[in-house]
Amino acid sequence: MRTTIILVVGAALFAAFVILGGNYAIRFATIFAMYATLALSWNFIGGFAGYPSFATAAFFGLGSYASAIAQSSGIPMLVAWPFGGLIAAAFAALIGLAILHLKGHYFAIASLALVEVLRELVNINDRLTGGGMGLNLPVAHAGVTQQALLFLAAMLAVTIVTVLVTVIVTRHKIGFALRCIQQNEDAAIMLGVNARLYKAAAFTLSALFPGIVGGIYASWVHYIDPSDVFDIFLSVKPLVMVLLGGLGTLFGPVIGAGVFLVLEEAVWRSFLTVHAAVLGLLIVALVLFLPNGLVSISGQQLRARKA
Amino acid sequence: MIYLQVLANGVVLGGLYAAIAVGFSLVWGVLNVINLLHGSFIVLGAYVAFFAYGLLGLHPFLTAPIAGAILFVIGYSLQSTVINRVIGTPVLMTLTLTFGLDLLLNNAMLLAFKADYRKVVLDPPLGSISLGPVVLPLDRVAVMALALLLTYGLYRLLRDSKMGRAIISVRMDREAAALMGVNVMRMQAITFGIGAFMAGAAGSLLSIIYPISPLNSITFLGKAFVICVIGGLGSVGGAIAGGITLGLIESFAALWFGPEYAVPLSFALLVVFLAVRPTGLLGRRGYE
């Protein structure tokens, strides 16, 4: 019940913001939807299962390149986007076999290496990908605002699906299994949790949506290059958003994405030369003083009030 | 004959790589912290050498201990004020914290030194030596020798000094070490300081070979990752074995496939190593 109320109020506020705010608001909302999707996706593997993945940028980049290449060979945009997601998900399912048995730092590094390897491979195979020159995407024949609204709608659709999948995961066996794995994997296996299967599922989910969103992003900005879509910040930002909001929660990643985006906009606008340092400061403060995220504040206060 | 030359290049490169990785390996092994600041520490050490040479005429080889000492102070203070608070928390926290600190340090360096690439140009240059058919640039050989000397010094420190034994005891079992009267928090700060010292000294030595820029820190960090995973974590020998392996792989990959494949190949190898033999070439032996 509470979940439904939050969802309805949130959606209404969001719609009002977009309708009243003009083109800047549309752009802002599109980025928000993208960030929220990336954060929710990372939450599957990083929040629920507790595996510190840095592979989000790899999935995002893979999806955007797969979708861009598909489009340049004549496949329509609306088919190319989910195709990018499927490619990213298949890649995650396969590579997960090799790296999901790793723990802690080793898993983090392996997932980070995926980003580096894919970026370099895209750089090298320039006949297919354009290499460092990047790829141009076809421009749709529609007005500027119509296009912006189309991309916003597409991003939002993916975000909503990701939220729904998160709801399903939290309420079903898989969510319970992933939390068991996060708390004590060995004990979970002893009790008959198929850890390998659920971890693979979480990793694949954490790739599927970033892959789709990467494809939409590529169409949205009309041009991609390896350093843009395989940017390591695309791996780190979702993680920071989830930390900001609350690990392994439903609304934490979305709230975190919103707060992060507002901060990012404000910082970019006013302190261009030190924005990395401000982001660094935010991260340090977050880890030291708010390790359980914004969601934990209201929880603590509620508990304090009841007591 | 080309193979002999490439082999020699690879080994020399490997010696440099060992110096890049050994401090990183120490911190990872003892504190269980992946220090994402490591690359920036190396770059900072290189800047110390650059300015010492440009302003005071001090040779980078002499600056190495000074740069190391400066970095030690930075590392010690960072660990005792900030990083000590998160030791023992999940990996995600320590990793994210050092990432945030690195963003701060790297941004500060960009503001202070700009992103321009600089280099220490020795006057007169050191030239090169030929051993039969193999020609080696003397600056690289000298840096390799000094880097290995430095690494050996760390090994002896850990093995023979009381402080070194205390560090190893913290690595083996923090609680037991504390019960035996080891000041764990202080030892952790010293360990991180030593890691930073090695980075600073290595950066100072490398300043005569590689261009210097804050943008290079990520390259050094990436190398340190690969070397630690290949060689095995937590031993001086592992860093040297991993460094030389990586040096050889990069040299031969450049010969056979072209230089653009050196980096993706080394990272692909990292993933393979993690999947097949996550303990690395030398395994988990620790600092004996």
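Predicted model: local features only at pLDDT ≥ 70, side-chain atom pairs only at ≥ 80, totals over all residues.
Let's start with a salt bridge. In chain A, the side chains of A:Lys237 and A:Glu264 meet at 2.8 Å, N to O. This pair links distant parts of the chain.

How many salt bridges does a search of the whole structure find over all chains? Five. Here are two more of them.

Stay in chain A. The side chains of A:Lys199 and A:Glu185 form a salt bridge at 2.7 Å, N to O. A:Lys199 lies in helix α9, residues 195–221, and A:Glu185 lies in helix α8, residues 185–190, so the pair ties together parts 14 residues apart in sequence. Are these two buried or exposed? A:Lys199 is buried, with a relative accessible area of 6%. A:Glu185 is buried too, at 10%.

Now chain B. Here B:Glu250 and B:Lys223 meet through their side chains in a salt bridge of 2.9 Å, N to O. B:Glu250 belongs to helix α10 and B:Lys223 to helix α9, residues 217–231; they are 27 residues apart. B:Glu250 has a relative accessible area of 9%, so it counts as buried, the cut-off being under 20%. B:Lys223 is buried as well, at 14%.

Next, back to helix α12 of chain A. It spans residues 252–270 and holds A:Leu261. That leucine is buried, with a relative accessible area of 1%. What does A:Leu261 touch, leaving aside its neighbours within four places in sequence? A:Phe28, A:Ile31, A:Phe32 and A:Tyr35. Take A:Ile31. It is 230 residues from A:Leu261 along the chain, yet their C-alpha atoms are separated by 8.0 Å.

A:Phe32 also brings us to a pocket. The second largest pocket has a volume of about 730 Å³. Of its 23 lining residues, the closest to the centre are A:Gly10, A:Ala11, A:Phe14, A:Phe32 and A:Val254. Helices α1, α6 and α12 of chain A each supply at least two lining residues. Which helix gives the most? α1 of chain A, with 11 residues.

Last stop: the surface of chain B. A nonpolar patch of about 630 Å² is made by B:Ile2, B:Tyr3, B:Leu255, B:Trp256, B:Phe257 and B:Leu265. Helices α1, residues 2–31, and α10, residues 236–256, each supply at least two of the patch residues. B:Tyr3 is in helix α1. B:Tyr3 is partly exposed, with a relative accessible area of 46%.

How values were computed: Residues numbered from 1 in each chain as written. Chains lettered and ligands numbered in written order. Heavy atoms only, no water. Helix = DSSP H or I, 4+ residues; strand = E, 2+ residues; numbered from the N terminus. Buried < 20%, exposed > 50% of the residue type's maximum accessible area, 1.4 Å probe, protein only. Contact = heavy atoms within 4.5 Å. Patch = residues over 30% accessible without salt bridge, like charges linked within 9 Å, V, L, I, M, F, W, Y side chains within 5 Å. Areas by Shrake-Rupley, 256 points an atom, 1.4 Å probe, with all protein chains shown as cover. Salt bridge = Lys/Arg side-chain N within 4 Å of Asp/Glu carboxyl O. 1 Å grid on protein atoms, 1.4 Å probe; cavity = no way out; pocket = protein on both sides within 12 Å on 5 of 7 lines; lining within 4 Å. Points joined across faces, edges and corners; volume = space filled by probe spheres on them.
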